[in-house]
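Subject: Handover of a structure

Hello,

Here is the structure I promised to pass on. Please open it first, then read the notes below.

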Amino acid sequence: METKMDILIAGGGLAGLTAAIHLLKSGFPVTVIEKNTYPQHKVCGEYISNEVLPYLEWLGLDIPAAGPCRIQNFQISTVEGNCLNAVLPLGGFGMSRYLLDALLYEHAIGLGGQFIHETITDISFNTDEFQVSLGNKQVISARIVIGAYGKRDALDQKLSRDFIQKKSPWLAVKAHYEGPFPDDLVALHNFDGGYCGVSKVEENRINICYLVDYASFKRYKSIPEHRMQVLYKNEHLRKIFDNSRMLFDQSLVISQISFDPKNAVSQHVLMIGDTAGLIHPLCGNGMAMAIHSAKLCAESVISYLEGKTSTRKKMETQYETLWKRHFNKRLRTGKIISRILRKKQLSARLLRILIKFPALLQALIRQTHGKPIMAK
């Protein structure tokens, strides 16, 4: 059975749902293919810069009414526990993906969005049209396909993307906890082989999500043992874990997280969110970038479908140009900071410089964050 449609979004996470809502609000029917149902917990830092609030409001979402945690302060510590505090220029909010994705999904449904909960097995392009095959043997023909299926997927192999050929050393671990932690703080605590983000989300929950090099992690038999032997050497992390109780049955874990460059367009599929590029979590801005990339992509698609952009090639070039303009500098900065923080001597030296010149920390934060995003 074959179905025809104009716009199909492959993946219904943060970026995919945002793009769907933007397109639906602008009067374009959208179908989202998402293998999971809502809501689901996901491995994510769950801190979002306030730069996206004006845009989310334009989309019709009332984020403050959902009860997020308002965050104004930032803290960073080295492996040895030396610490530095700063005020976030724009501030942000903490909200779990469990809640945020559910809100976006319900809003998309309310705008008339169609969802198919199935796995995509293949995407091909021929004669100005996509053929999208699903796990249930259904084939969908689409004029536009937007890729929003996450950090790493079998589809990346199908689309012959370069980064998928390389093994990535990164492993991410996340869980929610209850315990004492400031409501208005997002903290980044370094440890040997990785770094850990800590902040509050709704319902007074603490989200703890950390990234670790697999080579250092595999020396230990389990996540708790690695935590005790490695993370606890940072006194700030030891104190947080000792005084908190995990609310999940077990930690969520994902592996093979790649920070290698990705193309914003692959085989004519427009990539958004983590599918287009992933900033190191230490920069605390991945969720805002995902939302912003969805906006840029949706606007490029609308311009093409309304005839303002004359060809598919021009639409693709326009989107790639916008993506690079807004995100390339952030990604490069995040990569540099990550390399520094992974080396004990360099990170200690950087922290000493930042303590002496605190304005530099504000400058680094601005380099990985954007200005408030307004809808056109």
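Two residues count as being in contact here when they have heavy atoms within 4.5 Å. With that cut-off, M246 touches A175, H176, Y177 and S251, leaving aside residues up to four places away in sequence. Please keep in mind that this is a predicted model.

M246 sits in strand β14, residues 245-246. Its relative accessible area is 25%, so M246 is partly exposed. I208 is 38 residues from M246 in sequence. In space, the two are 9.7 Å apart, C-alpha to C-alpha.

Helix α1

Helix α1 covers residues 14-25, twelve in number. From first C-alpha to last, α1 reaches 17 Å. That is close to the 16 Å expected at 1.5 Å a residue. Is this helix enclosed or open to the outside? Eleven of its twelve residues are buried, so α1 is largely enclosed by the rest of the structure. Among the buried residues are L14, A15, G16 and L17. H22, L23 and L24 are also buried. Just after α1 comes G27, with a positive phi of about 95 degrees.

Cavities

How many cavities of 30 Å³ or more does a search of the whole structure find? The search finds three. The largest cavity has a volume of about 60 Å³. Its lining is made up of G273, D274, G277, L278, I279, G286, M289, A290, S293, W323 and F327. Two helices, α8 (286-305) and α9 (312-341), each supply at least two of the lining residues. The largest share, four residues, comes from α8. By class, the lining has six nonpolar, four polar and one charged residues.

Salt bridges

A search of the whole structure gives 13 salt bridges. Here are some of them.

K4 pairs with E129, and their closest N and O atoms are 3.6 Å apart. K4 lies in strand β1 (residues 2-10) and E129 in strand β8 (residues 129-134), so this pair ties together parts that are 125 residues apart in sequence. K4 counts as exposed, at 59% relative accessibility. E129 counts as partly exposed, at 27%.

E46 forms a salt bridge with K174, with 2.7 Å between the closest N and O atoms. E46 lies in the loop between β2 (31-33) and β3 (47-49), and K174 in strand β10 (residues 170-178), so the pair ties together parts that are 128 residues apart in sequence. Are these two residues buried or exposed? Both E46 and K174 are buried.

R238 forms a salt bridge with D242, the closest N and O atoms lying 3.7 Å apart. Both residues belong to helix α7 (residues 235-242). R238 and D242 are four residues apart, about one turn of the helix. R238 counts as partly exposed, at 37% relative accessibility. D242 also counts as partly exposed, at 46%. Elsewhere, salt bridges that share partners join K42, R97 and D101 into one network.

Where to begin

Then turn to the lining of the largest cavity. After that, follow the salt bridge between K4 and E129, and the one between E46 and K174.

Best wishes

Technical notes: Residues are numbered from 1 along each chain as its sequence is written. This is a predicted model: local features need pLDDT of at least 70, side-chain atom pairs count only at pLDDT 80 or more; totals for chains, interfaces and linings use all residues. Side-chain values use heavy atoms; hydrogens and water are left out. The expected span of a helix is 1.5 Å times one less than its number of residues. Buried means under 20% relative accessible area, exposed over 50%, partly exposed in between (1.4 Å probe, protein chains only). On a 1 Å grid over the protein atoms alone, a cavity is a set of points where a 1.4 Å probe fits but cannot get out, and a pocket is an open set with protein on both sides within 12 Å along at least five of seven lines; lining residues have an atom within 4 Å of a point. Grid points are joined across faces, edges and corners, and a volume is the space filled by probe spheres set on the points. Ala, Val, Leu, Ile, Met, Phe, Trp, Tyr, Cys and Pro count as nonpolar, Asp, Glu, Lys and Arg as charged, and the others, Gly among them, as polar. A salt bridge is a side-chain nitrogen of Lys or Arg within 4 Å of a carboxyl oxygen of Asp or Glu.
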